[in-house]
Amino acid sequence: MYNILVCDDDREIIDAIEIYLTQEGYHVLKAYDGMQAIQMLEREEIQLLIIDVMMPKLDGIRATLKIREKSSIPIIILSAKSEDVDKILGLNIGADDYVTKPFNPLELVARVKSQLRRYTKLGNLPADDGENVYQVGGLLVNDDLKEVSVEGEPVKLTPIEYNILLLLVKNPGKVFSIEQIYESIWNEEAIGADNTVAVHIRHIREKIEINPKEPRYLKVVWGIGYKIEKQ
């Protein structure tokens with residue numbers, strides 16, 4: 001049973017989310033501000049966090065920033081704001097997905113399932129005897145161990161960042177459009193996916209490139225998409 005932490009200062013919203021998640025077999029823990037969420041993550045083994053943006057004491061944005069210092073669990077941000085800038089901000093500070101209030105509970109459940117599939121695939125698969133290792137220059141991705149390193153130094157990626165990098169590094173030299181990346185990783189139609197993909201690509205660059213502004217590995221092909229450069 002997966003433990004899911006739901007953090008919102010609106011208790012009715014938490015209770016409603018709990019009903020739907022419990023029906024799917026998840027165990028729901030509750031927090032009502034960002035500080036409570038951080039404290040609970042330190043005490044409990046939690047596989048996914050759903051957190052609201054606007055809360056007292058510590059808001060969802062600052063809480064996510066603090067959580068990302070220590071944890072790579074999937075984080076879904078909730079917000080009553082629908083502006084694109086808020087979605088980008090959420091992704092920029094380390095969230096994996098974003099749901100705007102009011103939301104369809106069934107859509108939220110589907111997004112939870114999707115994030116958990118990526119997370120468990122990333123961290124909990126046993127290694128086989130033969131390693132699936134992909135190397136481009138000094139960039140190494142071991143898909144059995146779910147490890148990434150650059151010039152021998154380990155790189156910590158979120159589940160989505162890892163899956164995007166894996167898609168590209170498996171096909172060095174091949175250009176993937178934004179739509180292809182989004183549909184491969186999120187398993188849904190790419191509607192307005194440009195900013196979402198671009199934010200994750202930037203995060204990957206910041207982690208694997210010595211100089212993200214002059215990338216060696218992860219290249220943009222203007223007007224088309226992205227690729228891992230053959231070395």
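# Note on helices, charges and loops

1. Aspartate 194 counts as partly exposed, because its relative accessibility is 43%. The areas come from the Shrake-Rupley method with a 1.4 Å probe, and for residues only the protein chains shown count as cover. Aspartate 194 belongs to helix H8, residues 194-208. Helices (H or I, at least four residues) and strands (E, at least two) are DSSP runs, numbered from the N terminus.

2. A word on the source. This is a predicted model, in which local features need pLDDT of at least 70 and side-chain atom pairs count only at pLDDT 80 or more, while totals for chains, interfaces and linings use all residues. Residues are numbered from 1 along each chain as its sequence is written, and side-chain values use heavy atoms, with hydrogens and water left out.

3. Which residues of helix H7 are buried? In H7, residues 178-186, they are Ile178, Ile181, Tyr182, Ile185 and Trp186. They sit on the same side of H7, because they cover an arc of only 95° around the axis. That arc is taken from the directions from the helix axis to the C-beta atoms. An α-helix has 3.6 residues a turn, so residues three or four places apart point the same way. After H7 comes asparagine 187, with a positive phi near 55°.

4. Negative charge gathers on the surface in a patch of Glu179, Glu183, Glu189 and Asp194. Patch members have over 30% relative accessible area and no salt bridge; like charges are joined within 9 Å, and nonpolar side chains (Val, Leu, Ile, Met, Phe, Trp, Tyr) within 5 Å. Lys and Arg count as positive, Asp and Glu as negative; His and the chain ends are not counted. A charge is placed at NZ of Lys, CZ of Arg, CG of Asp or CD of Glu.

5. Isoleucine 191 lies in the loop between H7 and H8. This residue is exposed, because its relative accessible area is 64%. Isoleucine 191 and glutamate 179 are 12 residues apart in sequence, and their C-alpha atoms are 8.2 Å apart.

6. There is also a nonpolar surface patch. Ile19, Tyr20 and Leu106 make it, with about 300 Å². Isoleucine 19 is in helix H1, residues 11-23.

7. How many salt bridges are there? The count comes to 16. The rule asks for a side-chain nitrogen of Lys or Arg within 4 Å of a carboxyl oxygen of Asp or Glu. One network links Asp97, Glu107, Arg111 and Glu188.

8. Lysine 30 and glutamate 18 form one of these bridges, at 2.8 Å from N to O. The pair links distant parts of the chain: lysine 30 is in strand S2 (residues 27-31), glutamate 18 in helix H1, 12 residues apart. Lysine 30 is partly exposed at 26% relative accessibility. Glutamate 18 is partly exposed too, at 25%.

9. Glutamate 161 and lysine 207 pair with their closest N and O atoms 2.7 Å apart in a salt bridge. Distant parts of the chain are linked here: glutamate 161 is in helix H6 (residues 159-169), lysine 207 in helix H8, 46 residues apart. Is glutamate 161 buried or exposed? Glutamate 161 counts as buried, because its relative accessibility is 3%. Lysine 207 is partly exposed at 35%.

10. Helix H8 also holds arginine 202 and glutamate 206, four residues apart, about one turn of the helix. Their side chains meet in a salt bridge of 3.1 Å, N to O. Arginine 202 is partly exposed at 38%, and glutamate 206 is partly exposed at 44%.

11. Check the loop backbone. The peptide bond from lysine 101 to proline 102 is cis, with omega near -5°. Proline 102 lies between strand S5 (97-100) and helix H5 (105-123), in the loop. Lysine 146 is not a glycine, yet has a positive phi of about 55°. Its loop runs between strand S7 (139-142) and strand S8 (147-150). Lysine 146 is buried, at 13% relative accessible area. Glutamate 151, also not a glycine, has a positive phi of about 55°. Glutamate 151 lies in the loop between S8 and strand S9 (153-155), and is exposed at 52%.

12. Last, phenylalanine 176. Its place is in strand S10, residues 176-177. Phenylalanine 176 counts as buried, because its relative accessibility is 6%. Between phenylalanine 176 and glutamate 12 there are 164 residues in sequence and 42 Å in space, C-alpha to C-alpha.

Methods
Buried means under 20% relative accessible area, exposed over 50%, partly exposed in between (1.4 Å probe, protein chains only).
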